[in-house]
Amino acid sequence: MFGQTTTPTPPTTDRGLEDLDAAALAYAARIEGLPPERRQEARDDLVRFALPFAGRLARRYRGRGEPLEDLEQVARLGLVNAVDRYDPERGSFTAYAAITIVGEIKRHFRDRTWGVHVPRRLRDLILEVGQATATLTSELSRAPTVAELSARLETPEEEILAALESAAGYSPASLNAPVGGESSAEFGDLVGESDHALESVDDRVTVSGLLHRLPWRERRILAMRFYGNQTQAEIAARFGISQMHVSRLLSRALTWLRQAMLAEAPPPWQNGAAEAEPAKARISVKQNGDRVVVEVGGEVDRAGADQLRRAVLKAVTGQPREVVVDLVGAGGFDAGGIAALMAGRDAAARTGVPLRLTRVQPAVRRSLTAAGLPAAD
C-alpha cells in the first residue's frame, strides 16, 4: 500500500474534489452502512489520496540524521492512525492528521534514533537543555555555563551534566571512521580488545600467593624454569646440583601447587629427607669368574653417565661370559644415563657378549622400558 507513488482520484463522485477535508468528509459519508470489507476499500482510497500530504510533513524533518525514506514511512503510519481514528464531529481532518503524523515523527526521533539506550526522562531533559542553551546563548552572547542552565531549568547541576554527557549517545561515532590525516587507522583500532587471559586472573593470583609458601630454592627454580625459560641443565649448573635433582624438585613443587589450589587450605610443605641432595652416581666393577658385574648406585646424571658408559664398554670388550649391570642401588637415570646403557647394549650385541640388567627399581624400570631396555628381576 505504501509503495505506490501515484495520486489516485479522490474517493468521491465529484472528480474535481481535491481538498483533503472534503475528501475525508466524503469518506465518512461513504462508509455509512457499508459492510466491513467495503469499508476497508474506502479507507485505502483515502490513505492513498493523503499520501502526498504525509510526504510533505516528513520532508520538513529531513537533514536531521535520519534517511528520508524512513521518515516518510513513519509519516505514512501516522496517516493510517489518523484515518482510523477520524471523527468528522471533532473538526478538520487535515489538522488532526497533521498533529498525528508530526507526533509520530517526533516519537520516532525520540525513541528510535538514539545510538545507545538513554532513559526517556533524560532524553526529555536533553531537549530542554538544548532549547535553554540556544536561548541563553542569544541572551548572553556566549555559551551558558552549567550553573546558568541549572538556574534556568530549575534542575540540579548533576542532572544537567548527565544530560550533556548523554547527548553524545544520540549519534555515536562509528568504529570504522578514520582517525584523521593520512593515516589509514580507524577508531576501532584504538579500542582495546578482549583480554582472553582474564579468565586466568584468579588462578594467577592464587598461584602468586602459594609461591611464597614454598622454600626459597623451589621458588627460585620455578621462576628460572617458567619465567626465565631456562633449561633444567642450566638450573642445575646454577645451583651446583644434578639435572635429575632439578627435575625431582620441579615435579615435587608443581604437585604441591596443584594440590594446594584444589584444597580449601594449602597442605604443609614437607621438609626433611626429601630436601637432601640425592647421592651422586656410584659405579663399581667386580670380576666374578668369567662374569663381570657392574654395580650402579645413586642418581645417574650426565657426569655419572660418562663413568657408566666407560665401565660397561670396558666390561664388554674384555669378552667375559656375561656382563651383569646391577641396578639395585640406582635411584634414577637422566637421558645421559639411559644413553650410556643403550651404548653398552649395542657394544654387547656387536661382540656377542650377553648383557643383562638386573634388580631394577620400579621407577627406573619404567624409564628403561620406554627406551627399549628390558630388565630382568
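This is a predicted model: local features need pLDDT of at least 70, side-chain atom pairs count only at pLDDT 80 or more; totals for chains, interfaces and linings use all residues.

Q: Let's start with the overview. How many helices and strands are there in the chain?
A: The chain has 14 helices and four strands. Of its 377 residues, 34% count as buried. The accessible surface comes to about 22900 Å², and 51% of that belongs to carbon and sulfur atoms. As for contacts between residues at least 6 apart in sequence, 57% join residues at least 24 apart.

Q: Now the sheet. In what order do the four strands come?
A: The general idea first: strands of a sheet pair through backbone hydrogen bonds, either parallel or antiparallel. Here the order is E1-E2-E3-E4, in an open sheet with mixed pairing. The edges are held by E1 (282-288) and E4 (355-358); each has a single partner strand, so one side of each lacks a neighbour in the sheet. On average, neighbouring strands are turned by 20° against each other, ignoring direction.

Q: In what sense do E1 and E2 pair?
A: Antiparallel, over seven bridges, with E2 covering residues 291-300.

Q: Which helix lies across E1, E2 and E3?
A: That's H12 (residues 302-317), and it runs at about 175° to E2. The E3 strand spans 322-333.

Q: Is Val325 buried or exposed?
A: The cut-off for buried is under 20% relative accessible area. Val325, a residue of strand E3, has 1% relative accessibility, so it counts as buried.

Q: What does Val325 touch, leaving out residues up to four places away in sequence?
A: The contacts of Val325 are Val294, Val296, Val312, Leu341, Leu355, Arg356, Leu357 and Thr358. Take Leu357: it is 32 residues from Val325 in sequence, yet their C-alpha atoms are 4.8 Å apart in space.

Q: How do I read a pair of packed helices, say H1 and H2?
A: Two packed helices are described by the angle between their axes and the distance between the axes. For H1 and H2, the axes come within 10 Å and cross at roughly 175°. The pair is therefore roughly antiparallel. On the H1 side, the contact is made by Leu20, Ala23, Ala24, Tyr27 and Arg30. H2 contributes Glu41, Ala42, Arg43, Asp45, Leu46, Phe49, Ala50 and Phe53.

Q: Next, the largest nonpolar core. Which of its residues touch the most other members?
A: This core has 31 residues, and the ones touching the most other members are Leu79, Val83, Phe93, Ile101 and Ile105. At least two residues each come from H1 (20-30), H2 (36-59), H3 (68-85) and H4 (93-112). H2 gives the largest share, ten residues.

Q: And what does Leu79 touch, with residues up to four places away in sequence not counted?
A: Leu79 touches Val47, Ala50, Leu51, Ala54, Phe93 and Ile101. Apart from this core lies another, of 28 residues, including Ala315, Val323, Ile338 and Leu341.

Conventions
Residues are numbered from 1 along each chain as its sequence is written. Side-chain values use heavy atoms; hydrogens and water are left out. Two strands pair if DSSP finds at least two bridges between them. Axes are lines fitted to C-alpha atoms, for helices over the stretch in contact, and angles run from 0 to 180 degrees between N-to-C directions. Contact means heavy atoms within 4.5 Å. Buried means under 20% relative accessible area, exposed over 50%, partly exposed in between (1.4 Å probe, protein chains only). A nonpolar core is a set of buried Ala, Val, Leu, Ile, Met, Phe, Trp, Tyr and Cys residues joined through side-chain atoms within 4.5 Å. Accessible areas come from the Shrake-Rupley method with a 1.4 Å probe; for residues, only the protein chains shown count as cover. Angles under 35 degrees count as roughly parallel, over 145 as roughly antiparallel, 65 to 115 as roughly perpendicular and the rest as oblique.
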